[in-house]
Amino acid sequence: MDDASSAPANAILLAACPDKGGLIAAFSAFIHEHHGNIVDLEQHVDLAARRFFMRVEWSLDGFALDRSALPAAIEKLAESRQMDWSLHFTDKVPRMAILVSRHSH
């Protein structure tokens with residue numbers, strides 16, 4: 001049985017920008033050129049706002065760029081596309097708390 005904590009980490013890029021052709025191709029090529037394997041990709045275009053949204057997840061197993069180099073490389077790709085983006089890793093679990101109250105509000 002495989003332990004989930006021993007599985008290679010994945011990177012997740014969340015991106016939003018003005019819609020135009022070639023956006024998925026550009027990021028897919030970037031991942032491919034650095035020996036990455038896309039494991040999930042979802043995209044959506046808000047036609048009324050002409051905004052493109054994408055979530056792409058790829059395996060870091062064998063990926064040519066280390067985590068510290070990824071933000072600068074993504075920024076170079078995103079800058080000319082006026083892209084807002086964030087990068088996350090599946091092995092970094094955010095700390096959170098859930099607060100509840102017994103009183104009715």
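## Exercises on salt bridges, core and fold

R55 is partly exposed, at 24% relative accessibility. Keep this residue in mind for the exercises below. The model is predicted.

**Exercise 1. Find the partners of R55 in salt bridges.**

Step 1. Start with D40. R55 and D40 form a salt bridge, and their closest N and O atoms are 2.8 Å apart. R55 sits in strand β3 (residues 51-59) and D40 in strand β2 (residues 37-46), so this pair ties together parts 15 residues apart in sequence.

Step 2. Go on to E57. E57 also forms a salt bridge with R55, with 3.1 Å between the closest N and O atoms.

Step 3. Join the pairs. D40, R55 and E57 are linked in a network of salt bridges.

**Exercise 2. Decide whether D40 and E57 are buried, partly exposed or exposed.**

Step 1. Recall the cut-offs: buried is under 20% relative accessible area, and exposed is over 50%.

Step 2. Take D40. Its relative accessible area is 26%, so D40 is partly exposed.

Step 3. Take E57. Its value is 13%, so E57 is buried.

**Exercise 3. Describe the salt bridge between D84 and R51.**

Step 1. Give the distance. The side chains of D84 and R51 meet at 3.8 Å, N to O.

Step 2. D84 lies in strand β4 (residues 84-89) and R51 in strand β3, so the pair ties together parts that are 33 residues apart in sequence.

Step 3. Check the exposure. D84 is exposed, with a relative accessible area of 51%. R51 is partly exposed, at 25%.

**Exercise 4. Work out which residues touch the most other members of the largest nonpolar core.**

Step 1. Name them. The core has 22 residues, and W58, L60 and L70 touch the most other members.

Step 2. Trace the suppliers. At least two core residues come from each of β1 (10-18), α1 (23-33), β3, α2 (70-79) and β4.

Step 3. Look around W58. Leaving out residues up to four places away in sequence, W58 touches residues including L13, I31, V39, F63, L70, I74 and L87.

**Exercise 5. Sort residues of α2 into buried and exposed.**

Step 1. List the buried ones. L70, I74, L77 and A78 are buried in α2.

Step 2. Find their side. These residues cover an arc of only 95° around the axis, so they lie on the same side of α2.

Step 3. Turn to the other side of α2. There A72, K76 and E79 are exposed.

Step 4. See what the buried residues meet. They pack against β1, α1, β3 and β4.

**Exercise 6. Sum up the protein chain as a whole.**

Step 1. Count the elements. There are 2 helices and 4 strands.

Step 2. Along the sequence the pattern is β-α-β-β-α-β.

Step 3. Check the radius of gyration. The protein chain has 17 Å, while a compact globule of 105 residues would have a value near 13 Å.

Step 4. The C-alpha trace spans about 50 × 45 × 25 Å along its principal axes.

Step 5. Turn to burial and surface. Of the 105 residues, 30% count as buried. The accessible surface is about 7600 Å², and 54% of this belongs to carbon and sulfur atoms.

Step 6. Finish with contacts. Among those between residues at least 6 apart in sequence, 68% join residues at least 24 apart.

Terms used: Residues are numbered from 1 along each chain as its sequence is written. This is a predicted model: local features need pLDDT of at least 70, side-chain atom pairs count only at pLDDT 80 or more; totals for chains, interfaces and linings use all residues. Side-chain values use heavy atoms; hydrogens and water are left out. A salt bridge is a side-chain nitrogen of Lys or Arg within 4 Å of a carboxyl oxygen of Asp or Glu. Buried means under 20% relative accessible area, exposed over 50%, partly exposed in between (1.4 Å probe, protein chains only). A nonpolar core is a set of buried Ala, Val, Leu, Ile, Met, Phe, Trp, Tyr and Cys residues joined through side-chain atoms within 4.5 Å. Contact means heavy atoms within 4.5 Å. The arc is that of the directions from the helix axis to the C-beta atoms. The radius of gyration is taken over C-alpha atoms; the globule rule is 2.2 Å times the number of residues to the power 0.38. Accessible areas come from the Shrake-Rupley method with a 1.4 Å probe; for residues, only the protein chains shown count as cover.
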